[in-house]
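Here's a walk through a two-chain model, written for someone who likes to know the cut-offs behind each number. Have a look at the structure first.

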Amino acid sequence: MLEVKDLEVSYGSIKALHGVSLNVPQGSIVTLIGANGAGKSTTLRAISGLIKTRSGSVTYSGEDITNQPAHKIVAKHLCHVPEGRMVFANLTVAENLRMGAYLRNDKAGIAADMDYAFTIFPRLKERINQAAGTMSGGEQQMLAIARALMSQPKCLMLDEPSLGIAPILVRAIFDQIVAINKERGLTILLVEQNANLALGISHHGYVLETGRVILEDSAAALLKNPQVRAAYLGD
Amino acid sequence: MSSSPAFLNGAKRWLLVGIVLAAVVSMFSGQFNRYHLGVIVDIGINIILAVSLNLINGHTGQFSLGHAGFMAVGGYTAAKISLVVSPMLPPALQPLLFLGALIAGGLLAALAGFGVGVPSLRLKGDYLAIVTLGFGEIIRVIVQNMEAVGAASGLKGIPKYTTLGWTFGLAAVTIYFVTSLVNSTYGRGFIAVSDDEVAASSMGINPVRYKVTAFVTGAFFAGIAGGLYAHHKQFLSPTGFDFLKSIDIVVMVILGGMGRTAGVVVAAILLTLLPEVLRQFSEYRMIIYSLLIIILMMARPQGLFTWNRKKGAA
């Protein structure tokens, strides 16, 4: 469904990605793990059009979307939940969700998706009229994911959903990521520092190091791989 | 959702209140002496300027210091049109001419707004402020050297078309337009862009279009305000549009609470009246004025009127 080939990205004269290739099959959860600065977020940002690529290609549902502007890529139902949550702090929970449905006009569908968002994250319903900026980090992350779902994505890219969040909420969020994948058939590309957690819910994994894919395997195999265990799982 | 018609009602109510107020005040305009009348018109013009700048600086989160520049473009355009065309027209058609001149001024200012809006796509915060400041100064210097509009000695003999009715009618239209724009589904995008551009674009919102729209719309109404000003003072001089004028408007927006239309309107009224009330202190006037602004900012850094902070920004 999503295919990235030889992606190269530079920040000024510093090369961040040296030809990253990956493949995300429809209906799967694929995870990118790696240390800080390995290029995980950069890969997602390049796919979603937030930064320009130098070379390489991004193909989504058979269409070349390389270097298209971010707002056009969202319209193709490929949605990115950026790192650090980035909810609209001054808008309420309900308004944030409605903002997620910015490109849609079907009132009934929007209402149904909002109900679905409240089913998977009941906390959001409790805080429906609260300004998003006043919620806890975990709640904001829930909102960011729910808001992305409002745009009816077929493929969802999540950047560090566990970052700076209380462990109990991290569990809840990851359970729902699995549920979204199963119930809605959403393809998910996940970027995580918490490799154990991420590989635990994924089908397939890629290990990034200094802008290159150094390892690729099924998630179960990566979890057993001694190299991965030593470097990322704290063995 | 159910809240949007209520918002529209709110905006329409503003329009109605404004127009009724304008009509009532106009009826009594014979009672006022020239000085009071002048101050009241100044208030209306400043309301238009502040509300339109609020769209750029408040709702969309840009930082423009060039509003006086847009005002100058609109003012000089409208004034020049009136000066050239009015001798050829019978008196009955003069209001029509005035409206046409105002709109032409607004459109030219909007074009300038487009020109400034485009660089703003690459710049943020302080840098954008400097660019818009530079733009305002460029306009002023161009006007200062343009013989067709009187150059440094100013443009004289502009017909006195601006009345209370015109001023407050157009102020009501400005408030109506800006509030209904921002509170529409489309307009939520302005607030989204000011909150977080990355998040906005990952919602499918095009930040570029919103920023340019904010600049173009804001500049249009600043141009209208400039036209009203020209036909109110009957004399335009480049020094009236220096960056201090822009800063005056920015202060109104900040004091009113960025993105709060009602607050910005009240701040525009207060800050127009304040220097007039302080006239009795003669040479100490501006010192007291500045001190009062500092005290107000320290006491209410979030803006004077933020209690009506409800859904989003109104």
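Predicted model: local features only at pLDDT ≥ 70, side-chain atom pairs only at ≥ 80, totals over all residues.

Residues are numbered from 1 along each chain as its sequence is written, chains are lettered from A and ligands numbered from 1 in the order written, and side-chain values use heavy atoms, with hydrogens and water left out.

**Sheets in chain A**

Two strands pair if DSSP finds at least two bridges between them.

One open sheet in chain A has 4 strands in the order β2-β1-β4-β5, with antiparallel pairing. Its edges are β2 (14–24) and β5 (63–64) of chain A, each of which pairs on one side only. Inside that sheet, β1(A) and β4(A) are antiparallel over 5 bridges, and A:Glu3 sits opposite A:Thr59 in β4(A). Strand β4(A), residues 55–60, also pairs with β5(A), antiparallel over 2 bridges; here A:Tyr60 stands opposite A:Glu63. These two strands make a hairpin with 2 residues between them, and A:Ser61 in the turn has a positive phi of about 50 degrees.

Helix α1(A), residues 40–47, lies across β1 (2–11), β2 and β4 of chain A and runs at about 110 degrees to β1(A). For angles like this, axes are lines fitted to C-alpha atoms (for helices, over the stretch in contact), and the angle between N-to-C directions runs from 0 to 180 degrees.

The other open sheet has 6 strands in the order β6-β7-β8-β3-β9-β10 of chain A, and its pairing is mixed. Its edge strands are β6 (78–81) and β10 of chain A, and the twist averages 15 degrees from one strand to the next. At one end, β6(A) and β7(A) (residues 155–159) run parallel over 4 bridges, with A:Leu78 opposite A:Cys155. Helix α6(A), residues 137–149, packs on this sheet by touching β6 and β7 of chain A, at about 170 degrees to β6(A). Helix α7(A), residues 167–184, packs on it too, touching β3 (29–34), β7 and β8 (187–192) of chain A, at about 155 degrees to β8(A).

Two packed helices are described by the angle between their axes and the distance between the axes.

| Helix pair | Angle | Axis distance |
|---|---|---|
| α3(B) (67–85) and α5(B) (125–144) | about 30 degrees | 8 Å |
| α7(B) (188–195) and α9(B) (207–233) | roughly 110 degrees | within 10 Å |

The angle makes α7(B) roughly perpendicular to α9(B) (65 to 115 degrees counts as roughly perpendicular). Contact means heavy atoms within 4.5 Å. In the α7(B)–α9(B) pair, the contact residues include B:Phe190 and B:Val193 of α7(B) and B:Tyr210 and B:Lys211 of α9(B).

Elsewhere, B:Leu15 is in helix α1(B), residues 3–27. B:Leu15 and B:Gly169 are 154 residues apart in sequence, yet 8.4 Å apart in space, C-alpha to C-alpha. Leaving aside residues up to four places away in sequence, B:Leu15 touches B:Ala172, B:Val173 and B:Tyr176.

**Where the chains meet**

How many residues of chain A are in contact with chain B? It's 20, against 24 residues of chain B. Together the chains bury about 2100 Å², 63% of it on carbon and sulfur atoms. Buried area is the accessible area (1.4 Å probe) that two parts lose on being put together, summed over both. A:His71, A:Phe88 and A:Tyr102 supply 30% of the area that chain A buries against chain B, more than any other three residues.

The count between the chains is 1 salt bridge, a term for a side-chain nitrogen of Lys or Arg within 4 Å of a carboxyl oxygen of Asp or Glu. B:Arg188 forms a salt bridge with A:Glu95, with the closest N and O atoms 3.6 Å apart.

Key: Parallel < 35°, antiparallel > 145°, perpendicular 65-115°, else oblique.
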